[in-house]
Amino acid sequence: MKTWSRKDFLKASLIGGGAALVAGQTRLYGQVAGRAGSANGDIRVGIVGFNAQGWGHLQNYLPGSKSKLDGAVLAAICDVDDKVLAKGRDAANKAGLKVAEYKDYRKMFESKEIDAVVLAPPNHQHSIMTIAALQAGKDVYVEKPLSHNIWEGRQAVAAAKKYAKNIALIGTQNRSSEQIMNAIAALRSGKLGKIKWVTATCYKPRDSIGLHEGPQPVPEGLDYDLWTGPATLTPPTRNGPKGTVHYDWHWFWNYGGGDITNQGIHQMDVARWMLGAPGLPKSVMSFGGRFGYRDDAETPNTLVSVMHYDTAPLIFEVRGLGRKKGMRAMDVYRKSSVGVVAQCENGYINIAENGGAIAYDNDGKKIESFEGSDNGAHRKNWIKAIQTRKVTHGLIEEGHLSTSMCHLANISYLAGAEKANAQLADAVASDLTTKDAYWRMLDHLKSNEVDLDATKPIVGPLLKVDGKTETLSHGDQVITDAANNCPIRKRTGRKGFEIPQIA
Ligand SMILES: NC(=O)c1ccc[n+]([C@@H]2O[C@H](COP(=O)([O-])OP(=O)(O)OC[C@H]3O[C@@H](n4cnc5c(N)ncnc54)[C@H](O)[C@@H]3O)[C@@H](O)[C@H]2O)c1
């Protein structure tokens, strides 16, 4: 049983819409923040969700851990899964800490024994928890992406403004990379000439998650109502290597947005930053599909999305299949599989996920390698932000815009329809950069022995984006309604988990 197919989306929308200074760590947190802090003045941190990414965060606050951050200590843990909670408790106890435990984050946020929270649950919980934590007077580090849909992300931005005495920072960690800052400064200097286009790639192996019939069991000891939060309450419909609940939610529209909101948000953020950090694009058009295997998942494993700006177009490409059928090695675009390339008049800069940031001339000869350290800088900057009461890297509004671009790409896809490959070729024929991305996608699919006559591509409409209202339009009212009523554009939560309207 599928939960939210693309068709369901379209149907639903048709019905509805057819219807102070760090002071070299010398001042105590309590003195600058006007809060208690721990007995020795450390920031008392609560972690929400620590199965995988949150586990790394948890280590940052354990005395004796190699990655321990100065000036902060773990005070509470929250997870809806008993097993995960027990793992956190054990780790805390081993480090000599006795921490408060919660299954319900709302109870945790009420505690006066916590100053700040790190939020690392699935994407569909990010905005609602950010808002609740800010309302409760906590400082917030929220993992990327900021939101599951554009509207709730905007509410989180509004909450950060309304409760501005609290710190709100998003975990798009490239924002703290000195190397990337140096590469972007070089781009801005204009020595390579004007930017002609920016292409971001997220070529990352994503295997089939398997095929199962009907609802799958919720693991014992996991509070599924709390896990579902503001999403639609429906039984799990997957049972891959990660089980029925954790991690594979990324591939279901009810909770995630596929790899573009998973790995891709990092490259989208860098791509927008390279373009000069503009707001939302003027338009978006996507095409792709879930190719190469049949499994339970809903999101595309192959996606090309083109966004138009006055400065230059931004092309975003997702590939989950390998370089060739049966191969795990991924395609490489201009020297990286996961990275961002800004093509300028006199050369290009490539910012790769693995840390390389290099300028090349138009013959591919290296001109300059950008240096700079990035040793967990973002998390250190978060502590610094709490101590100085000012966010310098990882601003929530920047996170919202980059996250929303991923959502825009998905909305065009979701508002699209299966078309013959020849029709897709026609649809992209007039735009050189789009056509180039299309041909490269075709080569990739051919190498994976995907027959586009048997599995037709989904071709999304070209949607106009109104950056002020964060809504979409198209010459066809049915498509306009489908796009705006799509839950990736707006979803307000469910009973008990309503997302407050602040903006
Ligand atoms: N910055 C990065 O580079 C990076 C890397 C990996 C993951 N992430 C982000 O971290 C988040 C978590 O990813 P993951 O791979 O750890 O996912 P996961 O599904 O493995 O773990 C999520 C955890 O959150 C818990 N949880 C769910 N709902 C909860 C709730 N209401 N209250 C408390 N706990 C709840 C789950 O029980 C689970 O333990 C994702 O949003 C992901 O995008 C960021």
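Biologist: Which residues of α11 are buried?
Modeller: In α11, the buried residues are Arg379, Asn381, Trp382, Ile383, Lys384, Ala385, Ile386 and Gln387. A residue counts as buried if 20 or more other C-beta atoms lie within 10 Å of its own, as exposed if 12 or fewer do, and as partly exposed in between, with C-beta atoms placed from the backbone. Please note that this is a predicted model, in which local features need pLDDT of at least 70 and side-chain atom pairs count only at pLDDT 80 or more, while totals for chains, interfaces and linings use all residues. Residues are numbered from 1 along each chain as its sequence is written.

Biologist: What span should α11 have, at 1.5 Å a residue?
Modeller: The 12 residues of α11 (residues 377-388) should span 16 Å, and the end C-alpha atoms are 16 Å apart, which agrees. The expected span is 1.5 Å times one less than the number of residues in the helix. Helices (H or I, at least four residues) and strands (E, at least two) are DSSP runs, numbered from the N terminus.

Biologist: And what comes just after α11?
Modeller: Arg389 follows, with a positive phi of about 65 degrees.

Biologist: How many residues of α12 are buried?
Modeller: 18 of the 19 residues of α12 are buried, so this helix is mostly covered.

Biologist: Now α14. Which of its residues are buried?
Modeller: Thr434, Ala437, Tyr438, Met441, His444 and Leu445 are the buried residues of α14. They lie on the same side of α14, because they cover an arc of only 125 degrees around the axis. The arc is that of the directions from the helix axis to the C-beta atoms.

Biologist: Why would residues a few places apart point the same way?
Modeller: An α-helix has 3.6 residues a turn, so residues three or four places apart point the same way.

Biologist: What covers the buried residues of α14, and which exposed residues are on the face turned away?
Modeller: The cover includes β9 (302-308), β10 (314-319) and α13 (421-428). The face turned away from the buried side carries the exposed residues Leu432, Trp439 and Asp443. Just after α14, Glu449 takes a positive phi of about 55 degrees.

Biologist: Let us change topic. How is the chain divided into domains?
Modeller: Domain 1 is 20-175, and domain 2 is 179-373 + 396-498. These bounds come from an automatic or database domain assignment. The centres of the two domains, taken over C-alpha atoms, are 28 Å apart.

Biologist: How many residues of each domain are in contact with the other?
Modeller: 31 residues of domain 1 are in contact with 36 residues of domain 2. Contact requires that the C-beta atoms of two residues, placed from the backbone, lie within 7 Å.

Biologist: Which elements supply the domain 1 side?
Modeller: α4 (82-94), α7 (150-162) and β6 (168-170) each supply at least two residues of the side that touches domain 2. α7 gives the most, with eight residues. By class, that side of domain 1 has 13 nonpolar, 10 polar and eight charged residues. Ala, Val, Leu, Ile, Met, Phe, Trp, Tyr, Cys and Pro count as nonpolar, Asp, Glu, Lys and Arg as charged, and the others, Gly among them, as polar.

Biologist: Where does the ligand's shell lie relative to the domains?
Modeller: Domain 1 and domain 2 both give residues to the shell around the ligand, so it lies between them. 27 residues surround the ligand, and the closest are Gly49, Asn51, Ala52, Gln53 and His246. The shell comprises 12 nonpolar, 11 polar and four charged residues.

Note on methods
A residue is near a molecule or strand if its C-beta atom, placed from the backbone, lies within 6 Å of it.
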